[in-house]
Amino acid sequence: MRPFDYQRAERLEHASQLTMPESGMSIAGGTNLIDLMKLQVETPETLVDISRLPMAQIEDTDEGGLRIGALATNTATAVHPRVKADYPVLSRAILAGATQQLRNKATTGGNLCQRTRCYYFTDTTQPCNKREPGSGCGAIDGIARLHAILGTSNQCIATYPGDMAVAMAALNATVEIAGEGDTSRSVSVRDFHRLPGDEPWRDNVLKDGEIITGVTLPKPIGGTQIYRKVRERSSYAFALVSIAAIVDMEDGRISRADLAFGGVAHKPWHDPRLSDHLVGSEPSAALFDKAADILLDTAQGYGENDFKIPLARRTLSAVLAQATGTEI
Amino acid sequence: MPITVNDTQYDLPDDPRVSLLDFLRHEIGLTGTKKGCDHGQCGACTVLVDGMRINSCLSLAVMHDGDTVQTIEGLGTETDPSPLQKAFLEHDGYQCGYCTPGQICSATAMLNEFANNWPSDASDDLEAAIDMSDEEIRERMSGNLCRCGAYVNIVAAIKAAAKEMAA
């Protein structure tokens, strides 16, 4: 690990100042960052410990929703009585990720900011436009089993690896961000992560000196909530394809279909056309198949991950069938 | 503020790069906690911090001032082993033994998590009382690898210890 200057932030503003230079990074749970620092993928000159800032609360909002502090651990969120009762898709998504040891340290803000598990990104002997802009992408013509099929660019086909944010995207949660000099802004989770485009080193919309302070969930919307994660072993593996689904029925027709997908793109994938297609219709195998046509109309495989296209199709059908009680 | 490990207070290292794992092993000589992968994948370094199990390899020692850490040395002794330590012996919950301190620290916390009725990915219902099935134990222990493959006996040891502690 490269030497760095360790600073503990006493106040949010202090943390913002210290992370303003590009060489400054904040650390909370550290489960991803320390790993990447050992690999010298991340080499901050200043490491700003924000773990003692008072941002771990999970509290009701005036609007009937729930605000999850940036430093609330994944465990605290997953086992919170209101999350289990009102936002079960979020509990399920968190519990489907990592291990209890990691979830006990991982935080809301850190989980949103975790980096891709692309093998080329974590191997400093390999080219990677995300780690070293301009060095090329090893994955496009290389080992690409975990990689994206939607929203890729000719510079990067990495995936966002997390589960928590996929559920938050289905729930249409909002990320709250503090910036320089007491400023703040809010961004929908659906818009927080970026597509790689020609700046694949930018995972999300955070600017230097900005720090996530929390995530707000809207008022509970009920429905059948499912998190289905397809992976290569039954525990402690990243998603090949995952789906967070909130589906409701009224008089035999679908009245709500909020869907988000993990493992398929550089961000939790949300396509508003799916809800438009499904809502108002009677559930059927043909309807679900057409939904998959819409979801995957621009999908592109890179050899090793070609299987994700039919896998996403089948997983979507299975989730919709389960949510609507339809035989397929 | 110092760090408290197994009821003894220690000063934290000057170099912020020292992981909690290396601090325990090299700076204060508690070599019961093991380094397997050093990347949070194997669980051999599992310790309890303020009662919660974590991978000590993925945590900087300097971030733990004021925290209370329990390692395998703090759970029991040769003459007075903890129920889990005893059960691992009785049920052959290991072969080479390298992963065992992490397994036992992890299982110690896991039994508390069951007591608190925290659900897991294996739980059918997020809110109902959870039955300590083999499937639940396997899911909850998936962060602790055993390359000798003593998993069946590890599950048996955990169930036996839980039963003894409930009696």
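Reply: Buried area is the accessible area, found with a 1.4 Å probe, that two parts lose on being put together, summed over both. Between chain B and chain A this area is about 3100 Å², and carbon and sulfur atoms give 55% of it. Before going further, please keep in mind that this is a predicted model, in which local features need pLDDT of at least 70 and side-chain atom pairs count only at pLDDT 80 or more, while totals for chains, interfaces and linings use all residues. Residues are numbered from 1 along each chain as its sequence is written, chains are lettered from A and ligands numbered from 1 in the order in which they are written, and side-chain values use heavy atoms, with hydrogens and water left out.

If contact is taken to mean heavy atoms within 4.5 Å, then chain B brings 37 residues to the contact and chain A brings 38 residues. Between the two chains there are four salt bridges, a salt bridge being a side-chain nitrogen of Lys or Arg within 4 Å of a carboxyl oxygen of Asp or Glu. One of them joins Asp65(B) to Arg8(A), whose closest N and O atoms are 2.8 Å apart.

A polar contact is a pair of N or O atoms within 3.5 Å; within protein, one must be able to donate a hydrogen and the other to accept it, and residues adjacent in sequence count only if both atoms are side-chain atoms. Across the interface of chain B and chain A, 18 residue pairs are in polar contact, with both residues at pLDDT 80 or more.

On the side of chain B that touches chain A, β4 (52-55) and α4 (100-115) of chain B each supply at least two residues, and β4(B) gives the most, with four residues. Such helices (H or I, at least four residues) and strands (E, at least two) are DSSP runs, numbered from the N terminus. The residues on this side of chain B divide into 11 nonpolar, 15 polar and 11 charged, where Ala, Val, Leu, Ile, Met, Phe, Trp, Tyr, Cys and Pro count as nonpolar, Asp, Glu, Lys and Arg as charged, and the others, Gly among them, as polar.

Finally, a word on disulfides, which are pairs of cysteine sulfur atoms within 2.5 Å: the count over all chains is zero.
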